[in-house]
Structure formats: structure tokens, C-alpha cells
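User: Can you walk me through this one? I'd like to start with helix packing and then go to salt bridges.

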Amino acid sequence: MTLRLTEEQLEIRALAREFSLGEIRPHAPTWDARRALDPGIFEKLGELGFLGMRVPETHGGLGLDLVTYLLVLEELSWGDAAVALAVAIHSGPVTCLLLRYGSEDQKSRYLPGMASGETLGAFALSEAGAGSDARALATVARRDGSDWVIDGTKKWVTNGQRAGLVLLFAREEEGEAIHAFLVESGVPGLTMGKRELTMGVSALDTVALELDEVRLPGEALLGREGAGFD
């Protein structure tokens with residue numbers, strides 16, 4: 001079956017191609033050589049709405065369908081795969097899981113800034129001994145009154161250095177249940193580890209995250225307690 005794109009989809013794809021041609025592709029070799037994207041690119045992406053493609057209009061986003069979102073990612077990849085992957089992590093697991101499992105307070109607090117580009121999202125699941133086997137997490141979250149206290153190390157966190165919000169997974173201190181948390185940058189005890197060396201997409205911000213007695217309020221939990229693996 002042939003997919004027929006709408007006029008709106010064609011216009012948005014053309015806008016993404018024009019943006020990549022003028023704002024991404026000419027700079028990609030330099031970014032790749034110095035292993036860093038220009039921070040200004042995220043501001044420009046936010047101005048076009050490309051960081052809020054999957055965010056509903058009620059929260060300041062474009063509310064685009066999945067096909068249109070993927071068309072834009074394809075054009076951004078043509079400019080620089082590092083840019084596209086940064087957008088995909090921000091818009092895919094972080095934004096979409098927040099939309100699906102977040103409380104109304106969490107959505108109202110974070111989604112407008114994520115849509116505008118003020119807040120970039122990062123996804124912290126993998127660890128040195130837990131990649132494809134997500135149940136092997138060593139990062140631990142324990143209850144302390146109404147708070148949570150988290151200790152551990154996360155690896156290969158895309159957007160880690162720039163992120164204002166990290167979606168982070170940790171297991172319970174005793175047991176196998178896994179929890180998901182929304183962690184704001186700058187929280188005490190959260191520090192950036194070394195920048196990872198990658199094969200390709202060299203400009204991508206991929207780091208380790210160290211968590212040393214990171215204390216979070218109860219409302220930082222995303223979804224139900226123990227439902228992080230699901």
C-alpha cells in the first residue's frame with residue numbers, strides 16, 4: 001500500500017529539509033570534529049516547534065502524528081544524525097512516556113518547557129552491566145519517609161550534559177521492582193561522568209551520570225511505584 005502524504009505533511013517535511021540545509025548540514029563536519037553540537041541549534045529547533053512535535057497543543061506543542069514526526073526526523077538526519085538522535089531521545093522515550101504515565105501536575109510542569117526547547121530531555125536506563133537486560137539494574141532507589149534516595153551510575157545517557165530533565169530508572173533496594181523517576185538537572189548528588197566515545201555520531205552528547213544520595217520528592221516518581229519496567 002502506498003502512503004499518501006497530506007499537504008500539511010509535505011509542507012512540514014519541506015520546512016525540515018530547508019532547516020537542515022541551512023542550519024545543520026553546513027556545520028555538521030565542524031560539530032563532528034569537535035565532538036559537540038552548537039547549543040544554539042536546540043534553541044532554533046525549539047522555535048520551529050521541532051522539540052514539541054509529539055507534545056499536544058494544550059501543552060504548547062505541535063501535536064503532530066507519528067508519520068509527520070518521523071518525516072521530520074528523517075530530514076534532520078539528512079542534516080546530521082547527531083541532531084536527529086538528540087531530538088528523538090527528547091521527543092520519543094522522555095516526552096511520550098511522560099505523556100502516557102505522567103500526572104497532570106507533571107505534564108503541566110514539564111511539557112511546555114520541553115516543547116519550547118527550554119528543557120531538553122535525557123533517558124537514563126542503561127548501565128555497565130544492564131543494557132539489553134533492563135532488569136539487571138544496579139542503581140538503587142530507597143524510600144526515606146515521603147522521599148526517594150537514589151544511588152548508582154548510569155551509562156550512555158544521550159543529552160546528559162544539556163538535559164534539564166532526566167527520565168531515570170532504578171530498582172528497589174531489596175527486591176526486583178523497578179521505578180521510573182523524573183530527575184531535574186542540578187539536584188544535589190547528581191553529577192556528570194566522563195563523555196563517552198562513540199563509533200559515529202561523534203557530536204552527540206552521551207555521558208555517564210553519577211548519583212550519590214540523590215534525594216527526590218515523592219512526586220518525582222513517574223507512573224505507579226514498581227511499574228518502571230513495564
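This is a predicted model: local features need pLDDT of at least 70, side-chain atom pairs count only at pLDDT 80 or more; totals for chains, interfaces and linings use all residues.

User: What angle do α4 and α5 pack at, and how far apart are their axes?

Analyst: The angle is about 150°, and the axes of α4 (residues 66-79) and α5 (residues 81-101) are 7 Å apart. Axes are lines fitted to C-alpha atoms over the stretch in contact, and angles run from 0 to 180 degrees between N-to-C directions. Helices are DSSP runs of H or I with at least four residues, strands are E runs of at least two, both numbered from the N terminus.

User: Which residues meet there?

Analyst: From α4, Tyr-69, Leu-73, Leu-76 and Ser-77; from α5, Ala-81, Ala-84, Val-87, Ala-88, Ser-91 and Gly-92. Contact means heavy atoms within 4.5 Å. The residues of this contact divide into 7 nonpolar, 3 polar and no charged (Ala, Val, Leu, Ile, Met, Phe, Trp, Tyr, Cys and Pro count as nonpolar, Asp, Glu, Lys and Arg as charged, the others, Gly among them, as polar).

User: Switching topic. How many salt bridges are there?

Analyst: The count comes to 9, taking a side-chain nitrogen of Lys or Arg within 4 Å of a carboxyl oxygen of Asp or Glu. One of them pairs Glu-23 with Lys-44, with the closest N and O atoms 2.8 Å apart. Glu-23 lies in α1 (residues 7-24) and Lys-44 in α3 (residues 40-48), so the pair ties together parts 21 residues apart in sequence.

User: Glu-23 and Lys-44: what is the relative accessible area of each?

Analyst: Glu-23 is partly exposed at 27%, and Lys-44 is partly exposed at 36%. Buried means under 20% relative accessible area, exposed over 50%, partly exposed in between, with a 1.4 Å probe and protein chains only.

User: Where do Glu-213 and Arg-142 sit?

Analyst: Their side chains meet in a salt bridge at 3.2 Å, N to O. Glu-213 is in strand β7 (residues 206-216) and Arg-142 in strand β2 (residues 140-144), 71 residues apart. Glu-213 counts as partly exposed at 41% relative accessibility, as does Arg-142 at 24%.

Conventions
Residues are numbered from 1 along each chain as its sequence is written. Side-chain values use heavy atoms; hydrogens and water are left out.
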